[in-house]
Amino acid sequence: MTTAEGLPGLPGTPNPAPPLSQAGREILKATLVPLDIEQAEVGQALVKAAYVRQLDLHTGELGTVRNRLAVTAEATQPAWGNLIDLLGAADQAPLAEDLAAVPVETLRGLGEEVVAVRRSLLEEAESAGADGAVTGAARQALHSAVVAVRGLAANAGSSRVGLMNLERLEMVPAGIERGELVATIPLAPLEETAVVHKEWSVQKKEFTSIVTDELETFSETGVTDNTELAQSTSSEQQHSNQFNVTGTVSGGIPVISGSASSGYTAQDSSSQSATDSRKHATTLTQKASARAKQEHKVTISTTTVTGSSQTSTRKLRNPSDVDPMRIDYFSLMRKWRVRLYRYGLRETYDIVVPEPGAALRRAYVELERLRAQLKPFAFDVPHNDVTDAIRKEDPDPPKTDPPTEKQSHYLVLADRYGAQGLPRPPAPLPPQPYAVDSGALPNGRASTRVTMKIPDGYEIVRVTIAGRMTSFSDTGFTGSDGVGNDGADSDGAVALAGALGQFTIVGTDIPFTSFGEKVFDPGTVLHKDTGGDFLAGATGSPVVVLVWDRVSTQTLVLTAEVRPHEGRLRAVAGRGLERSVQRGPDPVLRPATGHRGTDRGPGGTTGQRGHAHAAP
């Protein structure tokens with residue numbers, strides 16, 4: 001007898017639980033099924049155009065292909081000749097619409113012939129021993145042709161029409177199902193046994209710490225012993241032998257006397273010299289080196305194991321007196337109800353959009369086209385040439401009744417360059433004088449700051465100084481030239497013996513020298529200490545600093561000569577021209593070639609009118 005209390009499908013087992021719909025799961029999916037339909041030979045223009053571009057036909061290849069096909073029957077087919085003529089008609093690839101009527105097989109055959117031609121060229125280059133660049137280019141061309149032919153076969157043969165099945169996969173828990181047999185316990189009649197059920201869990205943690213110490217030492221010792229022995233021996237032997245014999249005989253008679261003398265000299269000399277020199281040198285070098293490496297590694301590993309165990313004991317007894325019993329233990333498994341729903345069917349078609357971003361780039365392409373038509377704005381007239389003066393070299397206005405007055409030069413330029421609404425250029429200003437107000441000067445060193453107010457739109461051309469100064473000095477001084485106060489130096493200052501005054505302007509080349517009286521003639525231009533005119537090009541409110549030393553009185557005046565600033569002239573000159581450019585969509589500024597007209601103003605006066613011409 002076999003029982004299993006509580007298990008489904010056996011006696012005593014309750015009915016299975018209903019599926020838990022609230023615990024279900026859904027997965028949306030779609031399955032695309034392409035339809036196997038016959039592809040037409042015509043059409044597929046974009047695929048064929050891409051194939052021709054990928055072939056990258058070079059100059060002369062079409063002629064070689066035509067010669068290869070001339071020996072076959074395929075050369076007589078009109079499609080081959082038309083295709084080769086189409087590809088060789090222009091230097092660039094043909095349009096996609098021109099390739100739509102060409103059969104796919106014809107294009108594929110052309111590609112295979114190109115592959116054969118390029119393979120033969122590669123073999124010739126390798127056999128001739130050509131350099132790597134030539135063989136690499138030939139190999140790359142062959143690879144491009146092979147890939148293009150395979151791509152045409154794959155793209156032209158694939159179906160563009162298919163069906164997409166919209167599906168939903170549902171999985172819902174549907175109860176517990178009996179699984180594999182785990183254990184079996186047999187019991188004899190009236191036998192009783194105990195079943196121990198034990199559950200445990202073990203958790204293991206391991207911590208490892210590695211500490212490595214490394215010490216490396218190196219020492220080198222060198223000893224050099226140099227011994228040198230020099231010995232020199234010199235001996236000299238000299239022998240000299242000299243022998244002299246002299247005899248004299250003298251006699252005479254009273255009338256005659258005579259004398260005889262005889263001598264003999266013998267000399268012998270010998271010399272012998274010998275030198276012996278010996279030198280013995282010994283060099284002994286001793287070198288010792290030592291290298292020691294010490295490494296110490298400590299590894300500390302700590303392992304912690306924690307576990308829990310739960311044991312339960314259950315007694316099993318066979319109540320029958322005569323029948324044995326077997327108890328089976330099975331594993332329990334989750335049962336799922338899986339259903340696949342198909343809730344939709346869509347027909348699909350593979351649409352190729354050549355350039356999806358073309359619509360987005362259309363505005364930028366149009367803007368670039370307009371910019372290409374616009375000529376760059378160039379105004380090559382010097383800005384200081386835009387004046388209100390009337391010049392003799394300017395052309396005379398046309399003869400009218402009453403006669404038209406000759407216009408200012410800036411109006412002549414406006415008429416020449418087609419500018420309208422040009423404002424009058426700034427008028428020239430007279431020199432701007434600035435009196436130096438230093439107040440009562442002390443008998444010592446002082447400074448004075450003069451702020452120049454330059455009108456807006458103008459800049460300084462040069463600064464001049466004029467006036468007179470005297471210094472604190474005792475009376476009765478005579479000039480350094482011995483003629484009283486009449487001696488003057490080169491810069492206009494009267495040099496006095498014992499003069500105490502000194503003066504300069506910061507940033508100028510005025511020397512800080514002593515004087516008794518200093519005079520600046522009108523129109524004396526101030527120069528920078530580094531060269532050039534002082535404050536040239538300054539705008540706004542430049543500050544001039546004057547330094548005095550023991551100057552008693554002064555009557556100085558600084559004068560700034562100004563002119564219109566280049567930026568203001570550029571704004572005036574370009575304002576009317578820019579208005580002319582902005583009138584039309586594609587204007588190109590050029591000198592006007594039309595005639596001058598006249599507008600009669602109030603009171604019978606006439607004014608000159610220019611004509612602006614803009615060409616797209």
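**Exercise 1. Meet Tyr329.** Which residues does Tyr329 touch, not counting residues up to four places away in sequence?

*Solution.* Tyr329 touches Glu180, Leu181, Val182, Ala183, Ile185, Val195 and Leu316, where contact means heavy atoms within 4.5 Å. Helices (H or I, at least four residues) and strands (E, at least two) are DSSP runs, numbered from the N terminus. Finally, Tyr329 is partly exposed, because its relative accessible area is 31%; buried means under 20%, exposed over 50%, and partly exposed in between (1.4 Å probe, protein chains only).

A word on the model before going on: it is predicted, so local features need pLDDT of at least 70 and side-chain atom pairs count only at pLDDT 80 or more, while totals for chains, interfaces and linings use all residues. Residues are numbered from 1 along each chain as its sequence is written, and side-chain values use heavy atoms, with hydrogens and water left out.

**Exercise 2. Look at the whole chain.** What average pLDDT does the protein chain have?

*Solution.* The average is 75, and 71% of the residues score at least 70; pLDDT is the predictor's confidence in each residue, from 0 to 100. Over residues 1-12 the pLDDT is below 50, and this stretch has 18 contacts in the model beyond near neighbours in sequence. Residues 577-616 also have a pLDDT below 50, with 82 contacts counted in that way. As for the overall make-up, the protein chain has nine helices and 18 strands. Of its 616 residues, 26% are buried. Among contacts with a separation of 6 or more, 78% are between residues 24 or more positions apart.

**Exercise 3. Follow helix α1.** How do the axes of α1 and α5 cross, and how do those of α1 and α6?

*Solution.* Start with α5. The axes of α1 (residues 45-55) and α5 (residues 104-127) come within 12 Å and cross at roughly 10°. The two helices are therefore roughly parallel. Axes are lines fitted to C-alpha atoms, for helices over the stretch in contact, and angles run from 0 to 180 degrees between N-to-C directions. Angles under 35 degrees count as roughly parallel, over 145 as roughly antiparallel, 65 to 115 as roughly perpendicular and the rest as oblique.

Now turn to α6 (residues 132-157), whose axis comes within 8 Å of that of α1, crossing at roughly 170°. So α1 is roughly antiparallel to α6. On the α1 side, Val47, Tyr51, Gln54 and Leu55 meet residues of α6, including Ser144, Val147 and Leu152.

**Exercise 4. Trace a sheet.** In what order do the four strands of the open sheet lie?

*Solution.* The order is β8-β14-β11-β12, with antiparallel pairing; two strands pair if DSSP finds at least two bridges between them. The edge strands, β8 (445-451) and β12 (514-515), each pair on one side only. Inside the sheet, four bridges join β11 (residues 501-505) to β14 (residues 543-549). One example is Gln502, whose bridge partner in β14 is Asp549.

**Exercise 5. Find the partners of β16.** How many bridges join β7 to β16, and how many join β9 to β16?

*Solution.* Four bridges join β7 (residues 432-435) to β16 (residues 557-564), and these strands run antiparallel. Here Tyr434 stands opposite Leu558. Eight bridges join β9 (residues 458-471) to β16, again antiparallel, and Val463 has Ala560 as its bridge partner in β16.
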